[in-house]
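Here's a quick, friendly briefing for someone meeting this structure for the first time. Have a look at it, then read on.

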Amino acid sequence: MNLCNPRVIRELMAEAGIRFRRDLGQNFLIDPTVPEEIAEIASPDPESVMLEIGPGIGCLTSELAERYRRVVAVEIDRGLIPVLEKTLAECDNVTVVYDDCMTCDLAKLLSDAGGGVPGVDFPVSVAANLPYYITTPILLRLLESGIRFSHVTVMVQKEVADRLAALPGSKDYGAITAVLGYYGTVERCFTVSPGSFLPPPAVSSAVVRIDLYPEPAFSPLSEKLFFDTVHAAFEQRRKTLVNALSARFSDVPKEKLAEIVVSCGFPPDVRGERLGTGDFVKLSDAIFRARNGV
Ligand code: SAM
């Protein structure tokens, strides 16, 4: 069955009595080269357990199943049950879980599938054509989950891909870029036009792969303060870094914050968008010391 054929997709959905749900970001791939390519680059290790968010009718799921040891696919739309039961009937290494990827226990699902601690006893990676309405929350949930994913390969809106892979100082660089840099490196892999989906979305898309650091690359004195510092710097993007920090950290005198910024090696009027992840770690450590008198 060609799961990227628009006629096949429409027939499967008609048989199940369901329609595309725009509220769930249902734009299904109809260009077969795209799921193949995503599955191909998602992990170098065929022994990986793959987590897929939102299998839809299963076109990427079946490509993943061919290449990797096991696939756990989390789909929120229970209307797709009869479709996926049919399209994945021959993939005996796939488990589909009908749940919300934002609230379900991902570590437990992966542990049950792989046998042991994911990322420790077996390699685990993510591959997905993400529902665009919750791209950033899903990425943050995956990265903050504590699960030691090796790679996270996702299709996102092109503008989001530009932001995720931006360099410090560029117009697209933002809080999410600096936060992602804490966990790994981001590669923008390829772009996908609206015509590759049914129904076509209003925007272009792109696939990015995040290669996570196997061991933490940064050790801030306080992880929470590091994230607060990044968010403070970008909340007031047009302000200088000192003014932006002062708006957030009212317990530290502004003159002290100005002193900290300069002592970290930045110009006094620098803006947050110039700082890389390592710079934010240095800055948040200096704020931590000033606050705690150490
Ligand atoms: N993987 C399929 C493809 O590439 O054709 C479908 C991708 S479609 C862009 C996004 C999928 O995510 C849909 O199947 C949608 O129902 C599902 N989805 C949306 N929100 C979700 C959530 N919170 N948890 C799990 N799946 C979700």
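**A first look**

Phe-149 counts as buried because its relative accessibility is 5%, where buried means under 20% relative accessible area, exposed over 50% and partly exposed in between (1.4 Å probe, protein chains only). Keep in mind that this is a predicted model, where local features need pLDDT of at least 70, side-chain atom pairs count only at pLDDT 80 or more, and totals for chains, interfaces and linings use all residues. Residues are numbered from 1 along each chain as its sequence is written, and side-chain values use heavy atoms, with hydrogens and water left out.

**Around Phe-149 and His-151**

- Phe-149 is found in the loop between helix 6 (135-144) and strand 6 (151-157); helices (H or I, at least four residues) and strands (E, at least two) are DSSP runs, numbered from the N terminus.
- Look along the chain to Tyr-213, 64 residues away from Phe-149, and you'll find the two C-alpha atoms separated by 9.1 Å.
- His-151 has its place in strand 6, and it counts as buried because its relative accessibility is 13%.
- The His-151 side chain makes a polar contact with the side chain of Asp-211, at 2.8 Å; such a contact is a pair of N or O atoms within 3.5 Å, and within protein one must be able to donate a hydrogen and the other to accept it, while residues adjacent in sequence count only if both atoms are side-chain atoms.

**The ligand**

- Which residues come nearest to the ligand? Of the 23 around it, they are Gly-54, Glu-75, Asp-100, Asn-129 and Tyr-133, with "near" meaning that a residue has a heavy atom within 4 Å.
- That shell divides into 12 nonpolar, 6 polar and 5 charged residues; Ala, Val, Leu, Ile, Met, Phe, Trp, Tyr, Cys and Pro count as nonpolar, Asp, Glu, Lys and Arg as charged, and the others, Gly among them, as polar.
- A ligand nitrogen atom is 3.0 Å from a polar backbone atom of Cys-101.
- For Pro-55, a polar backbone atom is 3.3 Å from a nitrogen atom of the ligand.
- With Glu-52, an N or O atom of the side chain is 3.4 Å from a ligand nitrogen.

**A cis bond**

- Most peptide bonds are trans.
- Leu-198 and Pro-199, though, are joined by a cis peptide bond, with omega about -15°.
- Pro-199 is found in the loop between strand 8 (197-198) and strand 9 (205-212).
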